Number of protein chains: 2
Amino acid sequence: MYCYMKRDSRLSGVLHVLLHMAEQPGPHTSETLALAMNTNPVVVRRIMAGLREQGFLRSQKGHGGGWTIACDFSRTTLRDIYEALGEPEILAMGNRTETPGCLVEQAVNAALGSAFDAAEAMLLTRFGEVTLADLSADFHVRMAGHTTPPTLENEHGA
Amino acid sequence: MYCYMKRDSRLSGVLHVLLHMAEQPGPHTSETLALAMNTNPVVVRRIMAGLREQGFLRSQKGHGGGWTIACDFSRTTLRDIYEALGEPEILAMGNRTETPGCLVEQAVNAALGSAFDAAEAMLLTRFGEVTLADLSADFHVRMAGHTTPPTLENEHGA
DNA sequence: TTTCATGTAACAATACATGTTGCGTGATGG
DNA sequence: CCATCACGCAACATGTATTGTTACATGAAA
């Protein structure tokens with residue numbers, strides 16, 4: 001099932017999966033997580049490899065293996081996760097030329113560039129202010145009032 | 001010469017061209033402008049069509065035809081131009097699902113979405129604060145000290 | 001009426017992200 | 001010791017958007 005995404009949703013997807021993992025103990029296989037991300041196991045491993053390298057996750061092979069959370073949710077921010085993903089491009093727009101000789105273009109680049117940089121910096125700052133624990137807490141607030149606790153299985157048609 | 005750009009540089013390119021046009025009177029052909037944008041005439045027309053529809057530019061066919069500025073630089077902001085381009089996507093990232101049933105994903109979307117919206121809003125605000133006249137003025141400041149005034153021809157290898 | 005320039009549609013080429021397959025590696029359990 | 005399970009990784013396939021390119025119609029000026 002090919003489904004081209006206009007905007008990169010890896011951060012969104014990985015956060016989703018991390019919160020789900022926190023709700024249930026034990027290792028989670030790539031296959032299980034793939035269902036929650038509507039993708040396949042290889043893509044999951046690809047995306048989560050960076051988180052493992054940065055020590056936010058652990059993975060284990062063989063029987064009973066899978067992915068385990070290895071970080072403190074209250075000390076891990078969205079920015080940490082963003083960086084572990086390899087700092088994907090934030091803006092879809094940019095300057096035509098990085099170091100133009102043309103003075104006109106230098107003026108354009110200066111104006112646009114500073115605006116772009118400010119927007120990026122602002123987003124990263126906000127990311128740095130939100131921890132995974134914050135997200136999880138928000139989730140639990142939303143869950144208050146609901147009867148059946150959502151799991152990877154019943155919410156994502158596994 | 002195929003040259004795929006990772007980030008959309010139409011705004012950057014169009015601003016560049018507009019400032020150049022302001023430096024020299026008379027209509028400018030798509031072909032001339034294409035040289036400054038390192039592309040070809042059809043692409044130029046495509047990009048500038050929106051600016052014509054919004055009344056920022058006029059175009060004329062036939063002998064002596066071409067593109068003419070039809071707006072007041074001191075009253076036209078980068079945001080106006082951005083909108084005339086069709087409001088291209090600003091962010092390269094986004095939420096995986098817009099209206100998820102999963103409460104976990106709702107929590108993720110809320111956090112990420114508000115950050116995304118804030119960044120976009122900030123960029124648009126900054127765009128709205130800069131006029132084409134500001135850019136042009138900055139260009140003229142940069143030009144002080146340089147001997148040969150840059151034209152479409154001598155700066156872009158026409 | 002010839003030339004020039006835009007307007008537009010259709011088509012081609014490219015880059016990229018994602019999906020997919022296959023095989024290697026290590027760990028577990030019988 | 002062997003079968004199974006799950007990750008690791010590389011290679012390949014597919015789908016999509018963007019950009020470049022070609023072709024032709026339209027209208028204006030010399």
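## Where the two chains meet

In this predicted model, chain A and chain B bury about 5000 Å² between them. Carbon and sulfur atoms give 68% of that area. Why quote an area at all? Because the size of an interface is often given as the accessible area lost when the parts come together.

The contact draws on 54 residues from chain A and 54 residues from chain B. On the chain B side, look for B:Arg7, B:Met93 and B:Arg96: they supply 16% of the area that chain B buries against chain A, more than any other three residues.

## Two helices crossing

The crossing is right-handed.

Who does the touching? From H6(A), the residues are A:Leu135, A:Asp138, A:Phe139, A:Arg142 and A:Met143. H5(B) brings B:Leu103, B:Val104, B:Gln106, B:Ala107, B:Val108, B:Ala110 and B:Ala111. Sorted by class, this contact has nine nonpolar residues, one polar and two charged.

## A closer look at A:Asn109

Chain A has its own helix H5 (residues 103-129), and A:Asn109 is found there. Is A:Asn109 buried or exposed? Its relative accessible area is 9%, and buried means under 20%, so A:Asn109 counts as buried.

So what is around it? Leaving aside neighbours within four places in sequence, A:Asn109 is in contact with A:Asn95, A:Thr97, A:Glu98, A:Pro100 and A:Ser114, and also with B:Ser12 from chain B.

Notes: Residues numbered from 1 in each chain as written. Chains lettered and ligands numbered in written order. Predicted model: local features only at pLDDT ≥ 70, side-chain atom pairs only at ≥ 80, totals over all residues. Heavy atoms only, no water. Left-handed = near helix turned anticlockwise from the far one by under 90°. Helix = DSSP H or I, 4+ residues; strand = E, 2+ residues; numbered from the N terminus. Contact = heavy atoms within 4.5 Å. Nonpolar A, V, L, I, M, F, W, Y, C, P; charged D, E, K, R; others polar. Buried < 20%, exposed > 50% of the residue type's maximum accessible area, 1.4 Å probe, protein only. Buried area = accessible area lost by both parts, 1.4 Å probe.
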